[in-house]
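Please look through the structure below before reading on.

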Amino acid sequence: GPGQAEMYAGLQELGVANGEDLKETLTNCTEPLKAIEQFQTENGVLLPSLQYALPFLDLHGTPRLEFHQSVFDELREKLLERVSAIALEGKVEERYKKLEDLLEKSFSLVKMPSIQPVVMCVMKHLPKVPEKKLKLVMADKDLYKACAVEVKRQIWQDNQALFGDEVSPLLKQYILEKENILFSNDISFLQNFFSPSPKTRRQGEVVQKLTQMIGKNVKLYDMVLQFLRTLFLRTRNVHYCTLRAELLMSLHDLEISEICTVDPCHKFTWCLDACIREKFVDNKRARELQGFLDGVKKGQEQVLGDLSMILCDPFAINTLALSTIRHLQDLVGQDTLPRESPDLLLLLRMLSLGQGAWDMIDSQVFKEPKMEAELITRFLPLLMSFVVDDHTFTVDQKLPSEEKGPIPYPSTIPEAFTKFLQENRIACEIGLYYILHITKQRNKNAFLRLLPALVETFSDLAFSDIFLHLLTGNLTLLSDEFALEEFCTSLFDGFFLTACSRKENVHRHVLRLLLHLHHKVAPAKLESLQKALEPTKQSGEAVKELYTQLSEKLELRKPSPAEVTETPSMELPLPTVPTPASR
């Protein structure tokens, strides 16, 4: 067929006979058998000792093709080894000259499956494959596919669109993997989105593949960063910021100095990475990070855009916010005001820079966002007063109470707190982390007191996936409270259900929570929740699927009519019988 002809066409250029030549010989000869014998002699393996060995193989029924094939495979292996050796020996110019000559000779055979590996191996070892050859490879889908990544890098660096096509599915996969973790059906306060260490995360498939594609090529690294910036701007999706940091640190792990030394964020990211590993910014590292921020020189402000993206990574925000909450608690114990703590001020400065990443990259105005004084003089002292309220309440509970009745837990929230959560992004982020903190401490009183402030927050942060993922995990620690009507009404009617109909993701998180805790919820409440959470025509597949799973579990729990007895008064938590279906 034409495929065959094209495949072997290169042989003639090299003066090697091919099938066409044999056909011609046989068509124009009088004694075909003699002609075949002569063709075999002229084109066979030229070794005198073979003259007697071949007939011997014939006697054993070994086809000549099989023999030639095995000799050929053996030679090809030797040749591949030789090419790899040439690539390492002698003077640089000489070795590349040898390889270029070899490529020139062999390239016409690149379509032959048996020879192709050799041609590919030669190209792989050439730091600069001639432009003409790269163009030929690019124009042929199969050749392009068969190329080593070393050759593809040379093609990609001058073809951003082609490189984009290769990278794009990986970036999609990365975002999908992140979302799958946030919406996972396994809910636990022990294992959550932020549990894996940075080192473990960098072993992920996408980061490894991108690292491999980039190699030591600064141009390709810059292209990937450009893709990430563009996508972050287009979607506001913060997972692209995580990937930006993971990619740099993956190259750092491999000690690829060609790239690490030219990325101005390298040392800052490396230091922050150590903080993320410890989930805390200690004093020594705080000084180091501050040094990088203070060291941004006039005329180099653009680096702030990159640093802000590194700080906008949810893993960085999580570390900064957790450290902020820890600092505030320490300040309560030391009787110190927030504005007197340089460490706390630095954490806020980095949070502001991270939270301002999108605006900075969008506006291309590279200066640190201004910190609102009120955040430090009014909001943080408010949070500290909540910590004090808890201490006071706990101490009061322990005092003998002859004279006075029990002191009720403060139930109102200062209006200023609610306003801060609505209007100030940093206040909102810290406020949400404070609420996660008290939930993790199983502090039901404080949780119910502050919950109403979450219905309206800055840019709906309280309904973002990361917060709801963490909140649902921490709520498993309060699972016994779900038997109480009042708790459920506050949590579901007062918070979750206010957003379910307008936010699909909230609907999903509530269903995840109920799938996990349905056996703890007061039956009457469960029934009304089942009605309220029924999917609508507009609901996506994920919601419908979760709702079906929940309905099946609840079906299994229904008692048979004979077992239904008088329901005890709702004041007592109902005894729950765990069924196999409830886990």
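Predicted model: local features only at pLDDT ≥ 70, side-chain atom pairs only at ≥ 80, totals over all residues.

**A walk through the model**

At 47% relative accessibility, glutamine 364 counts as partly exposed, because that label covers values between 20% and 50%. Glutamine 364 sits in the loop that runs between α22 (357-363) and α23. Its phi angle is near 60 degrees, a positive value in a residue other than glycine. Most residues other than glycine have a negative phi.

Now consider the whole protein. How many helices and strands does the secondary structure of the protein come to? It comes to 31 helices and zero strands. Of the 583 residues in the protein, buried residues make up 45%. Contacts can also be sorted by distance along the sequence. Among the contacts in the protein with a separation of 6 or more, 72% are accounted for by residues 24 or more positions apart.

Two residues illustrate such separations. Threonine 377 lies in helix α23 (residues 373-398) and is partly exposed, with a relative accessible area of 40%. Threonine 377 and proline 338 are 39 residues apart along the chain, and their C-alpha atoms are separated by 7.4 Å. Isoleucine 187 belongs to the loop between α11 (160-182) and α12 (198-201). From C-alpha to C-alpha, isoleucine 187 and glycine 473 are 5.3 Å apart in space, while in sequence they are 286 residues apart.

Is isoleucine 187 buried or exposed? Its relative accessible area is 5%, so isoleucine 187 is buried. Leaving aside residues up to four places away in sequence, isoleucine 187 touches Thr472, Gly473, Thr476, Arg512, Leu513 and His516. Some of these names return below, in the contact between two helices.

Those helices are α27 and α29. Two packed helices are described by the angle between their axes and the distance between the axes. For helix α27 (residues 465-475) and α29, the angle is about 15 degrees and the axes are 10 Å apart. Therefore α27 is roughly parallel to α29, since angles under 35 degrees count as such. The crossing of α27 and α29 is right-handed. On the α27 side, the residues in the contact are Asp465, Leu468, His469, Thr472 and Leu475, and they meet Asn505, Val506, His509, Arg512, Leu513 and Leu517 in α29. Sorted by class, the residues of this contact are five nonpolar, four polar and two charged.

One of the α29 residues in that contact is Asn505. Asparagine 505 lies in helix α29, which spans residues 504-517. It counts as buried because its relative accessibility is 17%, and the limit for buried is under 20%. Not counting residues up to four places away in sequence, asparagine 505 touches Phe183, Phe463, Ser464, Asp465 and Leu468.

A second pair of helices can be described in the same terms. Helix α13 (residues 205-214) packs with helix α15 (residues 239-253) at an angle of about 60 degrees, and their axes are 10 Å apart. The two helices are therefore oblique to each other. The crossing of α13 and α15 is right-handed. In this contact, Val207, Gln208, Leu210, Thr211 and Ile214 of α13 meet Leu243, Glu246, Leu247, Ser250 and Leu251 of α15. The residues of the contact divide into six nonpolar, three polar and one charged.

Which residues of helix α8 (residues 131-139) are buried? They are Lys133, Leu134 and Val137. Seen down the axis of α8, these buried residues fall within an arc of 100 degrees, so they line one face of the helix. The face turned away from this buried side carries the exposed residues Lys132, Lys135 and Ala139.

Technical notes: Residues numbered from 1 in each chain as written. Heavy atoms only, no water. Axes fitted to C-alpha atoms, helices over the stretch in contact; angles between N-to-C directions. Helix = DSSP H or I, 4+ residues; strand = E, 2+ residues; numbered from the N terminus. Parallel < 35°, antiparallel > 145°, perpendicular 65-115°, else oblique. Left-handed = near helix turned anticlockwise from the far one by under 90°. Contact = heavy atoms within 4.5 Å. Nonpolar A, V, L, I, M, F, W, Y, C, P; charged D, E, K, R; others polar. Buried < 20%, exposed > 50% of the residue type's maximum accessible area, 1.4 Å probe, protein only. Arc of directions from axis to C-beta.
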